[in-house]
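Please look through the structure shown here before reading on. The questions and answers below it are meant for a reader who is new to it.

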Amino acid sequence: MEEQLVQLLSATQSSSEGPRKSAEAQLLSLYGHPEFSLGLIKIASHDSVPLNIRQASLLYLKTFVLAAWSPQFDEFKGQVLVRDEEKGQVRTSLLDLATSDQEDRKVKSAASYVVSKIANADFPEQWPDLLPKLLHLIPIGTDGQIHGALKVLDGLVNDCFNEEQFFSVARDLIKVLFDVAVNDARKPALRALSVSVFRGCFDILEMVMEDHKVMVKAFADEALAGWLPFFVEVMKSRLPPPPSEEDENQDIGTAETYRGLVSLKMQVVKVLMRIRSVFASILSPQTPTLFSATWEELSSLQTAYHQMYIEGERQSRLEDADGLPYTLDFLVLEELDFMQACLRAPPVRSELEKQLQSAQNTEGTWVTEVMKLAVAYAQITTEEEGLWNVDVNIFLSEETSVTANYTPRTACGDLVIKLGEWLNTATVEGLLSYTRTLYSTTESWKAKEAVLFVLNQLLCDFQDVDKQIAPEAANGFLDFIRYAMQQPDAFLRARGYLVAGSLTRTSGDGLQQVATSFLEASLHAITNDKSEVVQVSCIRALQFYLQAIPPAITLPLQNDIISALSTYLQSQDIQELAECDDLMVTFVETLRDAIMLDTSVCLTGGGLDLLFSIASHGAGNFQLVMLVNETFEEVTGTISAMGAEAYVKLCEKVLPSLTGAFDIGNLTEENALTNLAAELLAVLAEHGSKPLPQGFVQATMPKLNRLLLGSHDEELLKAATTAIKNIIMHDHAQLFAWHEENGKGGLEAVLIIIDRLLSPTVDDNAASEVGALAAELVEKAGSELLGPYLPQLLTAVAVRLGSASQAQFIQSLTLVFARLSLINAKEVIDFLAQMPIDDENGLQLVLSKWLENSINFAGYDEIRQNVVALSKVYDLQDPRLEQIQVKGNLIVPQSDRIMTRSRARTSKEPPPNRDRMRLRSRPLRRKMVESDWSESDDECDFRKENKPSAREDMTQSEDNPHRYQPIIYLFPSSRSRSCTRANVLSTIAPDQYTYIPASLKILKVLVSELLAAAGSSLEAAAAAADLADDVSDDGSWEDDPNPLLDLGTGMTKEQLMAFANESVGSGFGPASRQRDDETQSYLVGWFQAAAGRPGFEAEFARLDPDEQEKLRSMSSN
């Protein structure tokens, strides 16, 4: 069996597709063989088998386990192919392999991974002796055995332990890990792995903290009493000199020791950061010592870091086979982050503030020393220099902070930013002081560039929070900026131009005397500098000048700016440029700012031509398309406001380009370009004159008609539909007078388009604008022109509304009837009442869909039209409305469970033997996790009233006052793995509603809209306030996430808050809207008039008490 498996595994490594796929199929066919899994383990255990085959055997074993070991795995294929007695042999053999002494580390890591997977399904019920074996082996084993045992233990901690299991062994587990970590006789890499496993324990502790803060805090106090001195000792220790480049990858001697020590230090820093996020008050007293040790080490590592990465080009960002980083750049990065974190600790701040107060000035203070440290590590590495020279887009992505690449250079910028948030003036003065010192020396260009980079980061932060740099300080940097702009080193020169722009923007009027000369220097460099890095830096810097310098100064330079941008574009390969997303976006942003100085330049100059040229090659870049759309909308809006003559000139300039883009997109099958052209055409028609310029319809309708009848692209159909709607809105006469080549008139052409979009073959999203088009057509054409087509059209709209599910599409179709109701509500109700749709009355169908979705409508005009239409329908007092039943209030289940939107799904039967279920999310991993060092978070009193009476807390046992009893949940013992992390599924019931008359529902909707028109709903505001309190409970450190995921959305609280803020005014529903005085005024008047009508008192009595109170409160206000 083993020989056959070796041959098949070797064949899977083949570069030939045929033999490789054949071998994979044969391996799959052997899944049912009783010796398959054990055979793979035997192959992995043989030293004589090539390493790649041994690793492959474990890879296939992992795949087999996931597919055929237990139904618990997501990858399970439906049948367990391993008998229980065979499972025992596999577990034993695999654990022996993972914890053996002589095996290759990569093989052992792979074996440990498979052990962890099996343990995830079998531990502890089917594998009760796994953890005792590991805890027994680690104290007495060899380095090789300990390594394997730690890897398996790491998997248990991260994936297998539930709270009860963890706390039943927590003391023994932490002691075993501690003994390995502090043992100098062990390899540093092993000690680092032990610390890493210890760090994983904090995920479990954090989950338990939710319900047992005091007890967990006491446990952590005791556990960390021994660990913290060890951490301080490690932080104070110094690394030996790094090995040479030739020796650094050796697995023996000083190179291995060096890598292990770097890894150990890094894991210590990581666990300190983790402790800080969960038990900040425990760590706080140690922060002055840790801060000093970190600062001293970073200072001592500068020489080695410079030699390895700034002067040399050593490999960076490397991890070992266990996934532990071991290169110096990683350590520096983590320590810079930790130093930044310590700057926020109250004991550190108190001491630093005392030192600063006792100093005469900032020169020579610790602030200046921090700047010196930051500049040392912010220098461009040799690797970065090479990358940026080859690809300027990478440079620009780093510069605009749109990259996910987090480096020591970036961390230094963050360090200075945080220092500036705390000590604004001192930070600027300290940076200026060190800049003077640095530029008076013969330091390399990289150091001089780095100090300006740090300044630029600080200035960008100032701009983000609306701070300004003092004019005196701003002028103090001018000489260094001028010096940089004249240097032969391209990156230093580029930095000079960028900082000049940032400083001008952030200094208010402080640099107006030199701003124009800086602007002109940037324009000159765009067209004349030989370095592309300098050119793109100047293009970005122009944005800062155009924002900061008064238009009276920049307007005369508008043509020069556009000309410089055009010259740069002509010098580039446009196809290559199109692949540089960040550069394209920066270019368009600058062009937009230049055009908006005076949009009339688009009628005579080349601004729009340049914009369309970029857009045509970057139509697939979503951000670029958004910028082009926004720019064109602003241009079109301002030019349209100049009068009909200016708009005609604009159409003469852009229509040939837009219609040509349709043809090019059709020929090249470039959908993105066609979509963009349709979107721009819709914008052009939206801001059109009344009537549109002669020939507008003739130039555009043939293209739009062809697209709407033949395309299946959702975005294209929406944009083209909107374009025709806007044409009808501004000049329906020209459209109706237009004829196709086959003689069909414009009205008939639009009806055919609407008929296609309303057909079931077109997706809801693609047809989401057809309702607005139909409504506009009905209003402009009227029954006189539409004749018998009108009832057919409205029937088609009603039928499609019945099957519609997408919110925007439902709104679009509903507004057809709403807008008709504004004209004659009675005719609409009569028409719908006589319309049979399958087995349902048209009035029942339309009103149900209309009233169920009204509160989710978006857009001020649309909401206002809907409100007025509903009020007119209500005013009819038509008895048929009372007979139609629609959804009313949500029926809240009689349960203590929280009802969320996510529970509006059909539920499965509750799992057996489960009395109570909980779901906790694991914390998000962030580069910087910020929390408060105060004791308010982790020392708050345990709320006894919230403790389930049948649950046992972590209490001290009588026989051993130092040992905590495990937490016991009200789960039967048969729950097995059900209560481990995120393995618990919620039992979900579908939402149920009351049913009420349509007339009452209209009144309820109008009450809701009255409140929404006054601003965001009170309920939403209260919920947002509660959510904000939850987010900020951890104190004043704004970035500290301890998020609980929303079970329905999978989003954190921070994400939900951000989403809520972004959606105000643009989302669906009353809670997402801002104040609308016109709608509010109308509704107030309507309710006042309705209150005076006979019978309204009875209608008011049918409202819910909270709705009645809303009306009373709005009336009193």
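This is a predicted model: local features need pLDDT of at least 70, side-chain atom pairs count only at pLDDT 80 or more; totals for chains, interfaces and linings use all residues.

Residues are numbered from 1 along each chain as its sequence is written, and side-chain values use heavy atoms, with hydrogens and water left out.

Q: How many helices and strands does the protein have?
A: Helices (H or I, at least four residues) and strands (E, at least two) are taken as DSSP runs and numbered from the N terminus. Counted in this way, the protein has 51 helices and 4 strands.

Q: What percentage of the residues of the protein count as buried?
A: A residue is called buried under 20% relative accessible area, exposed over 50%, and partly exposed in between, using a 1.4 Å probe and protein chains only. Of the 1117 residues of the protein, the share that counts as buried is 54%.

Q: Among contacts in the protein between residues at least 6 apart in sequence, what percentage join residues at least 24 apart?
A: Contact means that heavy atoms lie within 4.5 Å. Among the contacts between residues at least 6 apart in sequence, the share joining residues at least 24 apart is 76%.

Q: Which residues touch the most other members of the largest nonpolar core?
A: A nonpolar core is a set of buried Ala, Val, Leu, Ile, Met, Phe, Trp, Tyr and Cys residues joined through side-chain atoms within 4.5 Å. The largest one has 353 residues, and those touching the most other members are F231, L328, W366 and L684.

Q: From which domains does this core draw at least three residues each?
A: The domain bounds come from an automatic or database domain assignment. With those bounds, the core draws at least three residues from each of domain 1 (363–549) and domain 2 (838–891 + 989–1022 + 1065–1116).

Q: At what angle do the axes of helix 6 and helix 8 cross?
A: Axes are lines fitted to C-alpha atoms, for helices over the stretch in contact, and angles run from 0 to 180 degrees between N-to-C directions. The axes of helix 6 (residues 105–122) and helix 8 (residues 143–160) come within 9 Å, and their crossing angle is roughly 35°.

Q: Is the crossing of helix 6 and helix 8 left-handed or right-handed?
A: A crossing is left-handed if the near helix is turned anticlockwise from the far one by less than a right angle, and right-handed if clockwise. For helix 6 and helix 8, the crossing is right-handed.

Q: By class, how many residues make up the contact of helix 6 with helix 8?
A: Among the residues making this contact are S112 and V115 of helix 6, together with G148 and C160 of helix 8. Ala, Val, Leu, Ile, Met, Phe, Trp, Tyr, Cys and Pro count as nonpolar, Asp, Glu, Lys and Arg as charged, and the others, Gly among them, as polar. By these classes, the contact has 5 nonpolar, 9 polar and 4 charged residues.

Q: Which residues of helix 31 make the contact with helix 19?
A: The axes of helix 19 (residues 392–399) and helix 31 (residues 581–595) come within 7 Å and cross at roughly 65°, and this crossing is left-handed. Helix 19 contributes V392, N393, L396 and S397, while helix 31 contributes D581, D582, L583 and T586.

Q: Which residue does a cis peptide bond join to F123?
A: The bond has an omega of about 0°. The residue in question lies in the loop between helix 6 and helix 7 (130–140), and the one joined to F123 is P124.

Q: Is D466 buried or exposed?
A: D466 lies in the loop between helix 22 (445–464) and helix 23 (471–476), and its phi is near 60°, a positive value in a residue other than glycine. Because its relative accessibility is 72%, D466 counts as exposed.
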